[in-house]
Amino acid sequence: MDDHAAIKIDALTVAFGGRAVLGGFSLRLGVGEKATLTGRSGSGKTTVLRCILGFVVPDGGAIHIDGEALTPRSVWHLREKLAYVAQEPELGDGTVRDVLERPFAYHANAGLRDNLARVDEFFGEFLLPRSLLADDVTTLSGGEKQRVAIVSAVLLDRRIILLDEASSALDKASGKAIADFFRSRGDLTVLSVSHNPAGLSFSGQLIELPGGYDGEEPEVLE
Amino acid sequence: MILADTMDIGYPSLALGYALLIIPLGLMLWHRIPIVGRTLIAVARMTVQLLFVGLYLQFVFQLNSPWLNAAWLVVMLVVADFSIVRGCGLRLGRFLAPVLAGLFVGTIVPLLFFLGLILRQPNLLEAQYAIPIAGMILGNCLRADIVGLGSFYESIRKSEKAYLHSLAQGARLNEAVRPFYRDAVTAALAPTVATIATIGLVALPGMMTGVILGGADPMTAIKYQIAIMIAILAGTAITVVLGIWLTTRQTFTAYGTLDHAIFKKVKPRGTRGTRGR
């Protein structure tokens with residue numbers, strides 16, 4: 001067991017409908033390290049993130065988070081260490097404020113409620129206008145939703161952030177704000193997925209996944 | 001107070017009743033509304049089904065055996081169970097047992113309450129009361145359960161990303177399904193609540209009409225109607241809440257994701273009528 005790894009993946013194998021998506025993928029990410037997965041469409045980048053969250057159950061291999069094996073039993077409290085920012089996040093309904101407050105109603109996050117006082121600070125940091133809080137979340141642009149999702153992750157005190165194409169919908173200034181934030185936070189482990197790794201300048205390692213094909217990424221849910 | 005016996009309709013007179021069909025069928029043909037065939041089949045089905053049930057109920061009422069009455073109730077529950085699971089487009093295997101359990105409790109509890117405490121029937125399974133009242137409660141439970149279960153699973157499937165997002169934020173299974181559960185129960189119970197609110201103003205309900213036609217005083221009919229509406233509301237609430245709660249134990253994976261194997265595979269568009277598989 002490796003106690004110092006925030007994320008440790010050993011020989012992960014995943015197939016969808018008989019098509020192998022990941023064939024023995026391994027990765028070790030120490031606490032505070034930032035890495036980017038890259039590769040062609042269908043090479044399984046997003047699938048790696050979904051496996052870490054327990055949304056896809058791999059056919060083989062093992063995942064450890066903070067030294068603890070991911071199992072049906074442990075996944076529930078291990079998710080409390082993780083945050084996932086999707087390419088086009090679906091944050092539920094209601095206003096942006098509702099979306100930010102909702103997770104604090106969950107039993108697991110009840111003790112973190114005071115963090116909500118820092119919303120303004122993080123909105124400023126990520127170049128989000130304060131007036132956005134009253135807006136319906138479904139009216140936000142992709143880039144705004146991503147930044148709201150990142151603010152939510154930080155408010156929930158998550159130390160392992162999984163970013164899926166998070167720079168794709170951002171303008172230059174917002175992308176830089178996010179990069180500056182993650183660069184300044186040595187305590188956060190970030191595993192990101194990107195077609196265009198140049199946009200994620202805070203990332204220390206680039207890991208290229210083999211396989212896949214050229215063209216658009218298909219929607220793979222399970 | 002009994003005013004009069006119900007006047008029977010003779011078979012020749014009933015046959016004359018079918019003559020009224022000339023008006024809707026004529027209108028459909030005239031305006032080329034393409035449901036003539038469907039209407040004729042529906043009328044034929046109604047006739048056969050009701051004749052069959054009438055004959056059967058005559059037999060059940062004559063014998064009036066508690067065992068036979070109970071067996072008839074079980075048949076009604078099982079038929080309703082199958083039509084709910086089929087009506088939701090869900091796979092039978094994992095749903096029949098929990099849905100039946102919900103239906104059973106949702107029908108039996110208000111039925112026994114109605115018969116035992118309100119009507120104070122010495123014989124709880126008296127055919128004349130037990131079967132029609134159970135039928136009214138069950139019919140409403142069936143409709144509510146199709147809406148409730150169907151919208152619960154369909155809305156999680158449609159909003160799966162938002163559902164997974166809440167899991168990723170640390171929600172336990174019961175916390176993650178709660179908004180979907182609330183919406184589904186609301187959708188299932190709203191028609192019953194709306195019916196209760198407008199009853200008597202928009203339409204004279206079936207049971208009241210039946211009791212009045214049966215020769216009873218309108219006030220008696222109203223008292224029956226109030227009691228049955230409350231029994232229906234209680235029954236639908238129990239059935240839908242229990243149905244969703246009991247099925248969620250078998251429809252999510254150990255990791256909290258929705259098991260898509262619960263949905264019946266839908267044929268892709270354009271393959272209708274083709275043979276194979």
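Colleague: How many disulfides does the structure hold over all chains?

Modeller: The structure holds 0 disulfides over all chains, a disulfide being a pair of cysteine sulfur atoms within 2.5 Å. Cys88(B) is in no disulfide, and its nearest cysteine sulfur, that of Cys141(B), is 14 Å away. Cys141(B) is likewise in no disulfide, with the sulfur of Cys88(B) as the nearest one at 14 Å.

Colleague: Is Cys141(B) buried or exposed?

Modeller: Cys141(B) is buried, at a relative accessible area of 0%. Cys88(B) is buried too, at 14%. Buried means under 20% relative accessible area, exposed means over 50%, and partly exposed is in between, with a 1.4 Å probe and protein chains only.

Colleague: Before I go on, what sort of model and numbering is this?

Modeller: This is a predicted model, where local features need pLDDT of at least 70 and side-chain atom pairs count only at pLDDT 80 or more, while totals for chains, interfaces and linings use all residues. Residues are numbered from 1 along each chain as its sequence is written, chains are lettered from A and ligands numbered from 1 in the order in which they are written, and side-chain values use heavy atoms, with hydrogens and water left out.

Colleague: Fine. How many helices and strands has chain A?

Modeller: Chain A has 6 helices and 9 strands; these are DSSP runs numbered from the N terminus, helices being H or I of at least four residues and strands E of at least two. Its radius of gyration is 17 Å, close to the 17 Å of the globule rule for 222 residues, so chain A is as compact as a globular protein of that length. That radius is taken over C-alpha atoms, and the rule is 2.2 Å times the number of residues to the power 0.38.

Colleague: And how many helices and strands are there in chain B?

Modeller: Chain B has 10 helices and 0 strands. Its C-alpha atoms fill a box of roughly 65 × 55 × 40 Å along the principal axes.

Colleague: What percentage of each chain counts as buried?

Modeller: In chain A, 52% of the 222 residues count as buried. For chain B the figure is 36% of 277 residues.

Colleague: What about the accessible surface of chain B?

Modeller: That comes to about 16300 Å², and 70% of it belongs to carbon and sulfur atoms. Chain A exposes about 9600 Å², with carbon and sulfur atoms supplying 50%. The areas come from the Shrake-Rupley method with a 1.4 Å probe; for residues, only the protein chains shown count as cover.

Colleague: How far apart are the charges of chain B, on their mean positions?

Modeller: The mean positions of its 23 positive and 11 negative charges are 14 Å apart. Chain A has 23 positive and 32 negative side chains, with the centres of the two sets 3 Å apart. Lys and Arg count as positive, Asp and Glu as negative, and His and the chain ends are not counted. Each charge is placed at NZ of Lys, CZ of Arg, CG of Asp or CD of Glu.

Colleague: New topic. Where is Leu119(B)?

Modeller: Leu119(B) sits in the loop between α5 (92-118) and α6 (127-158) of chain B. At 24% relative accessibility, Leu119(B) is partly exposed.

Colleague: What is Leu119(B) in contact with?

Modeller: Setting aside neighbours within four places in sequence, Leu119(B) is in contact with Phe114(B), Tyr129(B), Ile133(B) and Tyr224(B), where contact means heavy atoms within 4.5 Å.
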